[in-house]
Amino acid sequence: FNWSAVEIARQMSLMTHQLFQSIEPKELLSCLSKKQNKEQTSPNVTKIITRFYSISFWICEEILSYDHAHTRSKVIEKFISIADELQKVKNYNDCFNVITPFNYLPIKRLIKTWNRVSTDSLLTLKRLSELCSLTNNFENLRKEYNSYKSIDDSKKDTGCIPYLGYFLKELICIEEEKKYFNDKDLINVDKVIKIGQIIEEIKYFQRFGYNYE
């Protein structure tokens, strides 16, 4: 409560962007492998995934550490404000991350707490949940990415961290649906191109960072 939602969102964005910017193409390809040593082959991807769970558990622990519904409701409102600020600075990865724990059973069942959450906060949460919805393969998030890319590079005033889970899901789907070699032992060029397009899109977002201290 001693830090503003704006500053917390900025610091989260700096930390996540540092990991996101460090991801190399070979890490993304290694993610498709069924080998178990992901910490060595895909260290930065693994760190972002680990960070996802760490933040989720932190949010749950923070909410449940208070005994009174009134205080818990204020904690929830603060996290919703943080998620809102993350969306404003186009850190969609952490925005998705922050609102996800609200759907966990230990948090959803706090009926008395949710009854005390302000209407404005609930409306904000509803808007952000729709933004991060899995419907139509993350259609709303993809619109946000395209909107960001449509801005001239010289006029971009902030970085953009897309939800990494979307790209990993796309890579896994391509890997499972198509083989690298067809029945005639020829390279499946279509598969290589699709994987390359996803990697290029990630590399595009890696170019733009944040200027916060």
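Reply: One term comes first. A residue is buried under 20% relative accessible area, exposed over 50%, and partly exposed in between. Keep those cut-offs in mind.

This is a predicted model. Start with the whole. The protein has twelve helices and zero strands. Along its principal axes, the C-alpha trace spans about 65 × 40 × 30 Å. Of the 213 residues, 43% are buried. Take the contacts with a separation of 6 or more: residues 24 or more positions apart account for 72% of them. The accessible surface comes to about 12400 Å², and carbon and sulfur atoms hold 52% of it.

Now the close look. The part is helix H12, which covers residues 189-206. What joins lysine 194 to aspartate 190? Their side chains meet in a salt bridge, 3.6 Å from N to O. They are four residues apart in helix H12, so about one helical turn separates them. Aspartate 190 has a relative accessible area of 35%, so it is partly exposed. Lysine 194 is also partly exposed, because its value is 33%. Each falls between the 20% and 50% limits. In general, side chains of opposite charge can pair when their charged atoms come close.

Move along to glutamate 201. This residue forms a salt bridge with lysine 149, and the closest N and O atoms are 3.1 Å apart. Lysine 149 has 30% relative accessibility, so it counts as partly exposed.

Which helices do the buried residues of H11 pack against? Helix H12 is one of them. The others are H1 (5-22), H2 (25-31), H4 (43-64), H6 (92-99) and H10 (135-150). The buried residues of H11 are Leu164, Tyr166, Phe167, Leu168, Leu171 and Ile174. H11 itself runs over residues 164-177, 14 residues in total. Its first and last C-alpha atoms are 20 Å apart, close to the 20 Å expected at 1.5 Å a residue.

Next comes histidine 17, in helix H1. What does histidine 17 touch, not counting residues up to four places away in sequence? The list is Ile161, Phe205, Gln206, Phe208, Gly209 and Tyr210. Its relative accessibility is 6%, so histidine 17 counts as buried.

Asparagine 137 is in helix H10. Its phi is near 55°, a positive value in a residue other than glycine. Phenylalanine 138 lies in helix H10 too, and its phi is about 60°, again positive although it is not a glycine. Most residues other than glycine have a negative phi. Buried or partly exposed? Asparagine 137 has a relative accessible area of 25%, so it is partly exposed. Phenylalanine 138 has 5%, so it is buried.

Arginine 127 forms one with aspartate 84, with the closest N and O atoms 2.8 Å apart. That pair also links distant parts of the chain: arginine 127 is in helix H9 (residues 119-131), aspartate 84 is in helix H5, and they are 43 residues apart. Arginine 127 is partly exposed at 39%, whereas aspartate 84 is buried at 14%. The two belong to a network of salt bridges that links Asp84, Glu85, Lys88 and Arg127.

Glutamate 85 sits in helix H5, residues 69-88. Its relative accessibility is 18%, so glutamate 85 counts as buried. Leaving aside neighbours within four places in sequence, glutamate 85 is in contact with Ala5, Val6 and Ala9.

Last, the overall charge. The protein has 31 positive and 28 negative charges, and their mean positions are 3 Å apart.

To recap helix H12: the helix holds the pair of lysine 194 and aspartate 190. The buried residues of H11 pack against it.

Note on methods
Residues are numbered from 1 along each chain as its sequence is written. This is a predicted model: local features need pLDDT of at least 70, side-chain atom pairs count only at pLDDT 80 or more; totals for chains, interfaces and linings use all residues. Side-chain values use heavy atoms; hydrogens and water are left out. Helices (H or I, at least four residues) and strands (E, at least two) are DSSP runs, numbered from the N terminus. The expected span of a helix is 1.5 Å times one less than its number of residues. Buried means under 20% relative accessible area, exposed over 50%, partly exposed in between (1.4 Å probe, protein chains only). Contact means heavy atoms within 4.5 Å. Accessible areas come from the Shrake-Rupley method with a 1.4 Å probe; for residues, only the protein chains shown count as cover. Lys and Arg count as positive and Asp and Glu as negative; His and the chain ends are not counted. The place of a charge is taken as NZ of Lys, CZ of Arg, CG of Asp or CD of Glu. A salt bridge is a side-chain nitrogen of Lys or Arg within 4 Å of a carboxyl oxygen of Asp or Glu.
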